[in-house]
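Please look over the structure below. A short briefing follows it.

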Amino acid sequence: MTLTLLLTLLLSVLIGLSLGLLGGGGSILTVPILTYVAGLDPKEAIAASLFVVGVTSAFSAITHARNQRVKWRTGLIFGAAGMAGAFGGGLLGGYIPGTVLMIAFALMMVATSVAMIRGRKNKAATTHEGELPILKVLAEGLVVGLVTGLVGAGGGFLVVPALALLGGLSMPVAVGTSLVVIAMKSFAGLAGYLTTVSLDWMLIGAVTAAAIAGSVIGARLAGRIPEAALRKGFGVFVLIMGVFVLVQELPGAAGVVVGAVAALAAVAAAVCWFAVPSCPIRTAGTTNPT
């Protein structure tokens, strides 16, 4: 086993940990790992991530279902609509330059992270544990499926906010339900990509096995962490990964500028958090009970 393969497998455990704990973030980790560590072409990495995340999500969803954290009707309808969108996105993605896909991928991560960190308004009035309206689920599923199939993401980083922020499900239930959606959409998106991309199935199988191991740990931790902390942690994680991908993909000076701005913003946020009692970062999304 080469050092590169060993490092790839060790990092792959984090893929499953993210999926099991946060209900998303799998592709956010998988695509950079396969691209920058394993050395795959961006399109191959995107297609491979759909398989890895799909299998790992299906496995992790079982644990969440046993703990009553999956809304099956919402998940299956959202997933069915998402599959149609993801297949179309996967077909289209095979004809778009890899760099363009990666930049689009990063920009969506940054936008999503901001929504998760800020939280939703009037949370106490909108959070519930019931199934969501069918038409709303279909519409959201189709749009999210198209976008995530196009950029190769399983969709958790968009599905969880859609279920938690727009649908009103609590974070633990949104996390569990999103795994059902992710598994369905990932396989649909993969089918679209396989029309134009070939994969190294031995490598993908090894990465998938490591990710499943991580998902077992993540699923067991999911119900023990406060919802507000889980949501904000998810948002910060997605933001960091989005900035990292932008720095890697933007040409020359543009990448340096993005990295410098991100570093300054991180320092400012840390000073605000630890030195300013009324820091908006600390109080955002916490005015209502969780």
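The points below cover the overall fold, the annotated segments and a few local sites.

This is a predicted model: local features need pLDDT of at least 70, side-chain atom pairs count only at pLDDT 80 or more, and totals for chains, interfaces and linings use all residues. Residues are numbered from 1 along each chain as its sequence is written, and side-chain values use heavy atoms, leaving out hydrogens and water.

**Overall fold**
- The protein has 13 helices and 0 strands. Helices (H or I, at least four residues) and strands (E, at least two) are DSSP runs, numbered from the N terminus.
- Of the 290 residues, 51% count as buried. Buried means under 20% relative accessible area, exposed over 50%, and partly exposed in between (1.4 Å probe, protein chains only).
- Among contacts between residues at least 6 apart in sequence, 84% join residues at least 24 apart. A contact means heavy atoms within 4.5 Å.
- The protein exposes about 12,200 Å², and carbon and sulfur atoms supply 74% of that area. Accessible areas come from the Shrake-Rupley method with a 1.4 Å probe; for residues, only the protein chains shown count as cover.

**Annotated segments**
- An unreviewed UniProt entry lists "transmembrane region" for several segments, including residues 46-63 and 173-194. UniProt positions are given in the numbering used here, feature names are shortened, and annotations may be inferred rather than shown by experiment.
- Residues 46-63 are 100% helix and 0% strand, with end C-alpha atoms 26 Å apart.
- Residues 173-194 are 95% helix and 0% strand, with end C-alpha atoms 32 Å apart.

**Helix 1**
- Leucine 6 is found in helix 1 (residues 3-22). Its relative accessible area is 38%, so leucine 6 is partly exposed.
- Leu3, Leu6 and Leu10 make a nonpolar surface patch of about 330 Å². Patches are made of residues with over 30% relative accessible area and no salt bridge; like charges are joined within 9 Å, nonpolar side chains (Val, Leu, Ile, Met, Phe, Trp, Tyr) within 5 Å. A salt bridge is a side-chain nitrogen of Lys or Arg within 4 Å of a carboxyl oxygen of Asp or Glu.

**Helix 2**
- Helix 2 is mostly covered, with 10 of its 12 residues buried. Among them are Gly26, Pro32 and Thr35.
- Glycine 39 follows helix 2 and has a positive phi, near 80 degrees.

**Asparagine 67**
- Asparagine 67 lies in the loop between helix 3 (42-66) and helix 4 (72-93).
- Its relative accessibility is 44%, so asparagine 67 counts as partly exposed.
- Asparagine 67 and glycine 176 are 109 residues apart in sequence and 9.2 Å apart in space, C-alpha to C-alpha.
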